Amino acid sequence: MERLVATPQLGFMEAVKLGLGRLTDFKSRSRRSEFWWFMLAFIIVQYIINLVLGLFLPVLPAQIISLLIWFIPFAVTVRRLHDTGRGGWWVVLSWLASAAYSLYFIFSGLMDELTSVNADPTAALKMFTDPVMGGLNIFYVATAIILVIFCVLDGKPEANQYGESPKYKKINDVIEERNDVQ
């Protein structure tokens with residue numbers, strides 16, 4: 001059995017550039033450092049975009065645009081799951097749960113009741129007593145927690161059906177790369 005060596009973690013800029021460069025790559029693998037740095041950058045940008053959208057657009061179009069922007073980290077999340085040996089369908093399931101929860105919140109009238117100028121305080125209770133809202137919330141939270149746990153796990157050091165490990169390299173390959181640099 002050949003010995004494997006972990007390569008250094010990616011830095012913030014390197015991870016963001018790599019993630020942006022592979023926005024349509026749903027077949028390979030991504031390291032934890034690439035995923036988490038990319039998600040940090042994405043969440044910061046998403047927050048700023050939501051602030052701007054909230055200033056210039058009505059609530060419904062702003063929410064729809066915000067949901068669509070969440071397609072950007074799909075590829076890096078799928079690649080992260082591939083690194084742990086799992087399929088990308090977990091991402092689709094989690095996103096569908098989030099979309100169903102958000103769309104029900106919008107179209108059930110709860111959002112309008114809670115965001116109106118003279119909001120009825122009892123409207124907030126409807127969120128907790130509506131069985132559909134409660135079921136969608138549980139489903140959304142459960143899939144999100146499962147997805148986060150999978151993304152926290154270390155990748156498989158050996159090659160899998162999605163390719164070679166982006167973190168672990170064979171010691172002979174590392175030695176050859178160092179000799180080529182010199």
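Predicted model: local features only at pLDDT ≥ 70, side-chain atom pairs only at ≥ 80, totals over all residues.
**Entry 1: the cores**

I looked up the largest nonpolar core first, and of its 15 residues Phe35, Leu81 and Val91 touch the most other members. A nonpolar core here is a set of buried Ala, Val, Leu, Ile, Met, Phe, Trp, Tyr and Cys residues joined through side-chain atoms within 4.5 Å. Buried means under 20% relative accessible area, exposed over 50%, and partly exposed in between (1.4 Å probe, protein chains only). Helices α2, α4, α5 and α8 (131–152) each supply at least two residues of this core. Helices (H or I, at least four residues) and strands (E, at least two) are DSSP runs, numbered from the N terminus.

I also found a second, separate core of 7 residues, and Ile106, Leu110, Met133 and Leu136 are included in it. In soluble globular proteins, nonpolar side chains tend to be buried together.

Residues are numbered from 1 along each chain as its sequence is written, and side-chain values use heavy atoms, with hydrogens and water left out.

Which residues does leucine 81 touch, not counting residues up to four places away in sequence? I listed Arg86, Gly87, Gly88, Trp90, Val91, Leu147, Phe150 and Cys151. Contact means heavy atoms within 4.5 Å.

Two of those names came up again: the charged end of arginine 86 sits over the ring of phenylalanine 150, 4.0 Å from its centre. For this I need NZ of Lys or CZ of Arg within 6 Å of the ring centre and within 35 degrees of the ring normal.

Then I checked α4 as a whole, and 10 of its 10 residues are buried. The buried residues of α4 pack against α1, α2, α5 and α8. After the helix comes glycine 85, whose phi is positive, near 85°.

I turned to salt bridges and counted 7 in the structure. A salt bridge is a side-chain nitrogen of Lys or Arg within 4 Å of a carboxyl oxygen of Asp or Glu.

Arginine 80 forms one with aspartate 83, with the closest N and O atoms 2.7 Å apart. Both lie in helix α4, 3 residues apart, about one turn of the helix.

Glutamate 34 counts as buried, at 2% relative accessibility.

Arginine 79 is in helix α4 (residues 74–83) and, at 0% relative accessibility, counts as buried. Leaving aside neighbours within four places in sequence, I found arginine 79 in contact with Gly19, Arg22, Asp25, Ser28, Arg29, Ser30 and Glu34.

**Entry 2: aromatic pairs**

How many aromatic pairs does a search of the whole structure find? I got 8. Rings of Phe, Tyr and Trp (its six-membered ring) pair if their centres lie within 6.5 Å; planes under 30 degrees apart count as stacked, over 60 as edge-to-face and the rest as tilted.

Phenylalanine 42 and tryptophan 70 are edge-to-face, 4.7 Å centre to centre with 75° between the planes. Phenylalanine 42 belongs to helix α2 (residues 32–56) and tryptophan 70 to the loop between α3 (59–69) and α4, 28 residues apart. Phenylalanine 42 is buried at 7% relative accessible area, whereas tryptophan 70 is partly exposed at 31%.

Phenylalanine 74 and tryptophan 95 are also edge-to-face, 6.2 Å centre to centre with 90° between the planes. Phenylalanine 74 lies in α4 and tryptophan 95 in α5 (residues 89–107), so the pair ties together parts that are 21 residues apart in sequence. I noted that Phe71, Phe74 and Trp95 form one aromatic cluster.
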